[in-house]
Amino acid sequence: GLGVVRKLAAFGAKVIILDKNIEKGITAERELKGNGLDIRFIECDVRLHDHCKKAVDKINGIYGRIDILINNAGIAIRKNAVDLEPEEWDLALDVSLKGQYLLTKYAVPVMKANGGGSIINTGSGWSLKGGPDAVSYCAMKGGTLNMTRAMAIDFGKYNIRVNCICPGDIDTPMLQSECEQLGGVYDDEYKKQCAQGRPIERLGTVDDVANAVLFLSGRMSEWITGTHLVVDGGGIA
């Protein structure tokens, strides 16, 4: 998420960070503003409809428009259906699927009023195939992909495009968390294992994903909607 913020801001976008972590959000805002980027932070727990509505209303009040929405919040709980607790299932789907639905619900009318926009949902390589010990993650990422298609059909008439990026393993704190949940050590050897079997044999970077988001955000992709862009070094080729 932070990599996407940096990329879009570097190309001239006015970017608003939404996060429930106030301390990290304020720190990111301060750091990026210090680098001359146009960044604001707004507290928002994407699981809560009142948070999402207030955030969108505030953004619209500041700028009078929303051109790009990146639905990136997610959580990875590495358990199978037997070991996963019901509250963990609810958390996983609320953060990702419900959060994507809620922010889209409130952002679309603003985009419609200004002639269109681009919505980009973060899926996964596991939007397209299953994976071990990741039942809630696979469910929410598979749901993200088909929800993207449905949204594209519904909102295309308003010149609102909806697409999904599907990253593979990316060197982020989330990947480290997955490694540790499965009893591993997040070191160079683990990262090499993540890269094995890919035609481009390396771990993904935040910049790899941010470049894909940048493409789907702008005019170079203005006739692309309802589809997914896999960013995984060829891992599921």
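Guide: Let us begin with one residue, keeping in mind that this is a predicted model. Asp133 counts as partly exposed, because its relative accessibility is 36%, and Asp133 lies in the loop between strand S4 (117-122) and H5.

Visitor: What is the phi of Asp133 near?
Guide: Phi of Asp133 is near 50°, which is a positive value in a residue other than glycine.

Visitor: And what about Asn159, where is that found?
Guide: Asn159 sits in the loop between H5 and S5, and although Asn159 is not a glycine, its phi is positive, at about 60°. With a relative accessible area of 48%, Asn159 is partly exposed.

Visitor: Let's go into H5 itself. Is Ser136 buried or exposed?
Guide: Ser136, which belongs to helix H5 (residues 135-155), is buried, with a relative accessible area of 0%. Leaving aside residues up to four places away in sequence, Ser136 touches Ile77, Leu84, Trp89, Ala92 and Leu93.

Visitor: Changing topic, how many residues does the largest nonpolar core have?
Guide: The largest nonpolar core has 33 residues, and those with the most contacts inside it are Cys52, Ile119 and Ile160. Helix H3 (49-63), helix H4 (86-113), H5 and strand S5 (160-167) are the elements that give two or more residues to this core, and H4 gives the most, with ten residues. As background, nonpolar side chains tend to be buried together in soluble globular proteins.

Visitor: What does Ile160 touch, then?
Guide: Not counting residues up to four places away in sequence, Ile160 touches Val108, Met111, Lys112, Gly116, Gly117, Ile119, Phe155 and Thr225. There is also a second, separate core of 19 residues, which includes Ala28, Ile39, Val209 and Val213.

Visitor: You mentioned H3 and H4. At what angle do they pack?
Guide: H3 and H4 pack at an angle of about 30°, with their axes 9 Å apart, and H3 and H4 are therefore roughly parallel to each other. Their crossing is right-handed.

Visitor: Which residues meet there, between H3 and H4?
Guide: From H3, the residues His49, Cys52, Lys53, Val56 and Asn60 meet Leu102, Leu103, Tyr106, Ala107 and Val110 in H4. By class, this contact of H3 with H4 has seven nonpolar, two polar and one charged residues.

Visitor: Now the start of the chain. Which residues of H1 are buried?
Guide: In H1 the buried residues are Gly3, Val4, Val5, Lys7, Leu8 and Ala9, and the buried residues of H1 pack against strand S1 (15-19), H2, strand S2 (39-43), strand S3 (68-71) and H8. Just after H1, Gly12 takes a positive phi of about 100°.

Visitor: How does H1 pack with H8?
Guide: Helix H1 (residues 2-10) and helix H8 (residues 206-217) have axes 8 Å apart and pack at an angle of about 50°, which makes H1 oblique to H8. The crossing of H1 and H8 is right-handed. In this contact Gly3, Val4, Lys7 and Leu8 of H1 meet Val206, Asp207, Ala210, Asn211, Val213, Leu214 and Ser217 of H8, and the residues of the contact of H1 with H8 divide into six nonpolar, three polar and two charged.

Visitor: And H1 with H2, how far apart are their axes?
Guide: The axes of H1 and helix H2 (residues 22-34) are 12 Å apart, and the two helices pack at an angle of about 30°, so H1 and H2 are roughly parallel to each other. H1 passes H2 in a right-handed crossing. Leu2, Val5 and Arg6 in H1 meet Ala28, Glu31 and Leu32 in H2, and the residues of the contact of H1 with H2 divide into four nonpolar, no polar and two charged.

Visitor: One last stop: where is Leu229?
Guide: Leu229 has its place in strand S6 (residues 228-231) and is partly exposed, with a relative accessible area of 30%. Not counting residues up to four places away in sequence, Leu229 touches Cys164, Ile165, Cys166, Ala212, Phe215 and Leu216. Leu229 and Asn35 are 194 residues apart in sequence and, C-alpha to C-alpha, 30 Å apart in space.

How values were computed
Residues are numbered from 1 along each chain as its sequence is written. This is a predicted model: local features need pLDDT of at least 70, side-chain atom pairs count only at pLDDT 80 or more; totals for chains, interfaces and linings use all residues. Side-chain values use heavy atoms; hydrogens and water are left out. Axes are lines fitted to C-alpha atoms, for helices over the stretch in contact, and angles run from 0 to 180 degrees between N-to-C directions. Helices (H or I, at least four residues) and strands (E, at least two) are DSSP runs, numbered from the N terminus. Angles under 35 degrees count as roughly parallel, over 145 as roughly antiparallel, 65 to 115 as roughly perpendicular and the rest as oblique. A crossing is left-handed if the near helix is turned anticlockwise from the far one by less than a right angle, and right-handed if clockwise. Contact means heavy atoms within 4.5 Å. Ala, Val, Leu, Ile, Met, Phe, Trp, Tyr, Cys and Pro count as nonpolar, Asp, Glu, Lys and Arg as charged, and the others, Gly among them, as polar. Buried means under 20% relative accessible area, exposed over 50%, partly exposed in between (1.4 Å probe, protein chains only). A nonpolar core is a set of buried Ala, Val, Leu, Ile, Met, Phe, Trp, Tyr and Cys residues joined through side-chain atoms within 4.5 Å.
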